[in-house]
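Here is a friendly briefing on a two-chain model, arranged by topic. Have the structure open beside you as you read.

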Amino acid sequence: MDLDTIQRAMFDAVRQPLTASEGMRQRTKDGRSLRKVADEIIKPNDRLSSFERLEIYNRQYWFRILSALGEDFPGLRAIIGNRRFGKLAIAYLSDCPSHSFTLRNLGSRLEQWLRAHSEYLADVEELALDTVRLEWAEIEAFDEAAKPRMTADDMSSGGDDPKFELQPHVRLLDLRYAVDDFVISVRRREEEVDIVSNAVMERATRSRVRRPALPKPERIFLAVHRSDNSVYFKRLDREAFAVLCALRDGKSLSEAVDAADWSGRSIEQASAEVQAWFAYWAAQGWFCKTA
Amino acid sequence: MPANRFNGFTEYGVGIGLRIPHYNHILEKKPVVDWFEIISENFMVDGGRPLHVLDQILEQYRVVQHGVSMYFGSVEPLNREHLRRLKALVRRTNTPWLSDHLCWGSVDGTYSHDLLPMPYTFEAAAKTAQKICEARDFLEVPVVVENVSSYAEFHASEMTEWEFLNEVVERADCGILLDVNNIYVSSRNHSFDPLQYVNSVPHERIAQIHIAGHSKFQKYILDTHDHPVIDPVWKLYERAIERIGPTATLLEWDDHIPSFDEVHGEALKANRYVREKVMA
């Protein structure tokens, strides 16, 4: 048996979802015997059958990726509960296994997948999706690049209708629930962990802590950004959000300002607000030097 | 043979893995540590706290990179994006050598995030060695490979694990990161003599040694890096040092991580074997 055949057979077996008792299945979904696969490629020893030896890797695979996904999305876990989260995570990771050398990207397709599998979210779909969007934005904001900040000189030399480039770590979210406070309260209960060893001894057990109250529907506009190497959530006015989104999408200053709805404000009021926002955003370093 | 071409002709002493729970202690107390080993993948990012902390560490300490997902043994080609990011990190850390595991872990671009064992065949040795050479040529730094703990053996194997290791490193002309805990774990899981393993590896190629703890189960041992080093592993370390001479040594402790002082103290126990060797 050549190397490619062995690796494909073992990898397919290792990725098979575990049984309810966290053991390796006897058969794959399409009816193939995993005992036969194990017997064909793996030697037994005086203590373990081929199946049991392969099962060690099958368990480690799932324990590691389920633990990593759970650490990345504690808010979603808190909303739907550990049991439902476990089922969701197994289904998601079966459909969307890791295509990255780092576990950091494990949840990159979760929002998209959930939109096509709303059955896992039942009566909390919008809240759960908002939470997933925020938690993924937090992961991205944590270690995305920070380019050199735009200086006052840069701003003044940008011409009559300059463009402003947002820092790569700034994420803008239009949310139907105020999940920012909720995620913060959930995150405070989580510990920082980095997984680097060759083995996961057992599936991470989640202690039963009281879940924070779920947020009620409330549309909010949020910037997720990094400052001094910490990630922050900043609520924005609807109009400020519209301006920032337009700038992010490459619009000029005048186009971005026009993108917002200024009804009910005088030109002077709108102008003062825009100036105050830009002063704040510049102070936070949200704009970077353009190429 | 402490300094050789596989570890950049360095003479590093006893180091420990750089881990998040110890960041504040290290940055505030600035303890004396010979060197730190970092998990490369944890720092192959574009910005933020990981790189900020790393840069502070680099101002004070020597750092060596250790990877967990190059998968030299996977049939598929090396991941170019991985290599590009790794090279950027190599330039940042100025690591004198870079290690990853003699294992596989991906198929068709899907990652297991585990260190899966190799079938010990000549075909596997040839393909693995070729990828090690490709990585070394791209990264422009000595690449060394670490023996992994394993829980399964393949019918297809044509040689012992240490013969396979020797075959790969000779073909690739690369160094070895000898993990004596992994040798012990695999020896118990596969019923071989760990001393024979230590005695059989080409000592002139050993760039670094790993020591660690593990967890015992009823029918097998798991490499968990969450306990102190046990005496039989120290015995293997002692034998390795007898053969090689004082060599850069690193204690891995990755789960249930105790205080910095406890981890560092456990690592420094290695010095007693090094001293005995020097005195002898």
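D108(B) lies in the loop between β5 and β6 of chain B, where helices (H or I, at least four residues) and strands (E, at least two) are DSSP runs numbered from the N terminus. The model is predicted, so local features need pLDDT of at least 70 and side-chain atom pairs count only at pLDDT 80 or more, while totals for chains, interfaces and linings use all residues. Residues are numbered from 1 along each chain as its sequence is written, and chains are lettered from A and ligands numbered from 1 in the order in which they are written.

- Strand β5 (residues 104–107) and strand β6 (residues 110–116) of chain B pair in the antiparallel sense over three bridges; two strands pair if DSSP finds at least two bridges between them.
- Within this pairing, W104(B) stands opposite L116(B) in β6(B).
- The hairpin has two residues between the strands, and D108(B) takes a positive phi near 50 degrees there.
- That is a positive value in a residue other than glycine.
- D108(B) is exposed, with 11 other C-beta atoms within 10 Å. Here a residue is buried if 20 or more other C-beta atoms lie within 10 Å of its own, exposed if 12 or fewer, and partly exposed in between, with C-beta atoms placed from the backbone.

- D173(B) is not a glycine either, yet has a positive phi of about 50 degrees.
- Look for D173(B) in the loop between α5 (161–172) and β9 (175–179) of chain B; with 13 C-beta neighbours inside 10 Å, D173(B) counts as partly exposed.
- Y237(B) sits in helix α8 (residues 231–244) of chain B and counts as buried, with 26 C-beta neighbours inside 10 Å.
- Leaving out residues up to four places away in sequence, Y237(B) touches V180(B), I209(B), I211(B), A270(B) and Y273(B); two residues are in contact if their C-beta atoms, placed from the backbone, lie within 7 Å.
- Y237(B) and Y273(B) are 36 residues apart in sequence, and their C-alpha atoms are 8.0 Å apart in space.

**The bent helix α4 of chain A**

- Helix α4 (residues 74–95) of chain A has 22 residues, but its end C-alpha atoms are only 21 Å apart, short of the 32 Å that a straight helix would reach. The expected span is 1.5 Å times one less than the number of residues.
- A kink of about 115 degrees is centred on G81(A), the bend being the angle between axes fitted to the seven residues ending at a residue and the seven starting there.
- The buried residues of α4(A) include I79(A), I80(A), F85(A) and L88(A).
- Those buried residues pack against α3, α5 (110–116), α6 and α8 (179–187) of chain A.

**Where the chains meet**

- The contact takes 46 residues from chain A and 53 residues from chain B.
- On the chain A side, α1 (3–14), β1 (42–43), α3 (50–72) and α6 (125–143) are the elements that give two or more residues.
- Two bridges join β1(A) to strand β8 (residues 153–154) of chain B, and these strands run antiparallel.
- Across that pairing, K43(A) stands opposite E153(B).

**Domains of chain A**

- The assignment, automatic or from a database, gives domain 1 (1–143) and domain 2 (145–178 + 215–291).
- The C-alpha centres of domain 1 and domain 2 of chain A lie 38 Å apart.
- Ten residues of domain 1 are in contact with ten residues of domain 2 in chain A.
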